[in-house]
Amino acid sequence: MNTSKYRHELKFLCSEISLRMIEKRLKYLCPLDKNVGEDGKYIVRSLYFDTYNDRYFYENEAGVDGRNKYRIRLYNGNKNAVFLEAKESLHGLKRKETCCITTEQGNQLMKRLPVTNVREDQKLLKRFLMEKSMDLLEPKVIVEYSRTPYIFKTGNVRITFDRFIRSSFKVLEFLSPNISGRNILKEGMHVLEVKYDEGIPGAVKDMIIAEEQLQQISFSKYSLCRKIK
């Protein structure tokens with residue numbers, strides 16, 4: 001299991017034109033994440049869980065401190081690499097825990113079946129299954145988008161362009177090659193995220209935020225996708 005420390009997360013709603021202008025400047029300063037494909041991006045697909053009465057959703061809407069979210073995630077449709085993740089928000093900071101699970105376990109979670117063959121090292125999965133039993137967690141919505149990620153090593157900064165964010169309530173399609181979904185933002189609008197540890201370097205701040213006069217927003221892909229019917 002991988003546990004990250006608490007980090008800052010800034011989010012901005014951006015037009016395609018702004019993203020392209022930022023990327024022209026950014027590519028000379030920051031390398032792409034090594035996990036991208038030849039096209040410089042990868043597809044992120046997540047299946048989010050919530051309680052029977054949608055407690056996580058309402059806590060997110062209210063901005064409750066110390067809230068959590070659970071999801072299972074895969075990249076570029078690779079069913080052989082499925083991850084269980086827990087996302088925690090505390091005092092305006094974010095932290096993520098990640099645990100590798102098997103395709104079989106991902107399929108069982110998707111179909112609300114008992115999860116089998118849990119290994120000793122899958123501590124996050126054990127915790128999730130306990131909370132799933134206590135709080136009646138169930139799969140709620142699929143969120144999928146195209147991500148272009150850049151890394152700025154000073155300050156451990158990660159800058160991502162998330163385009164074509166889509167949602168689907170057909171949760172049983174999670175492990176399918178393609179999902180039937182709908183866009184949640186207006187055409188030509190996307191999300192830029194900046195994650196960092198202690199402080200954001202001036203070069204990054206000037207290049208991304210000040211240059212394009214971006215306005216920070218409070219944005220949750222999960223919450224917005226739950227609202228789009």
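What share of the contacts in the protein with a separation of 6 or more comes from residues 24 or more positions apart? The share is 69%, where contact means heavy atoms within 4.5 Å. This is a predicted model, in which local features need pLDDT of at least 70, side-chain atom pairs count only at pLDDT 80 or more, and totals for chains, interfaces and linings use all residues. Residues are numbered from 1 along each chain as its sequence is written, and side-chain values use heavy atoms, with hydrogens and water left out.

**Overall build**

- The protein has six helices and ten strands. Both are DSSP runs numbered from the N terminus: helices are H or I with at least four residues, strands are E with at least two.
- The radius of gyration is 18 Å, close to the 17 Å from the globule rule for 229 residues, so the protein is as compact as a globular protein of that length. The radius is taken over C-alpha atoms, and the rule is 2.2 Å times the number of residues to the power 0.38.
- Along the principal axes, the C-alpha atoms fill a box of roughly 50 × 35 × 35 Å.

**Surface and charge**

- Of the 229 residues, 48% are buried. Buried means under 20% relative accessible area, exposed means over 50%, and partly exposed lies in between (1.4 Å probe, protein chains only).
- The accessible surface comes to about 11,900 Å². Carbon and sulfur atoms hold 51% of that surface. Areas come from the Shrake-Rupley method with a 1.4 Å probe; for residues, only the protein chains shown count as cover.
- There are 42 positive and 30 negative charges, and their mean positions are 2 Å apart. Lys and Arg count as positive, Asp and Glu as negative; His and the chain ends are not counted. Each charge is placed at NZ of Lys, CZ of Arg, CG of Asp or CD of Glu.

**Strand β10 and its partners**

- Strand β10 spans residues 189-196, and seven of its eight residues are buried, so the rest of the structure largely encloses it.
- Strand β2 (residues 8-15) runs antiparallel to β10, joined by eight bridges. Two strands pair if DSSP finds at least two bridges between them.
- L13 stands opposite V191 of β10.
- Strand β8 (residues 157-168) also pairs with β10 in the antiparallel sense, over five bridges. Here T160 has E193 of β10 as its bridge partner.

**Strand β7 and its partners**

- Strand β7 covers residues 138-152 and is mostly covered, with 13 of 15 residues buried.
- Strand β3 (residues 42-50) is joined to β7 by nine bridges and runs antiparallel to it. D50 has E138 of β7 as its bridge partner.
- Ten bridges join β7 to β8, again antiparallel. P149 stands opposite T160 in β8.
- β7 and β8 form a hairpin with four residues between them. In the turn, G155 has a positive phi of about 80°.

- Most residues other than glycine have a negative phi.
- H91 is not a glycine, yet its phi is positive, about 55°. H91 sits in the loop between β5 (82-90) and β6 (93-101). H91 is exposed, with a relative accessible area of 62%.
- L136 also has a positive phi, near 55°, in a residue other than glycine. L136 lies in the loop between α4 (123-135) and β7. L136 is partly exposed, at 47% relative accessible area.
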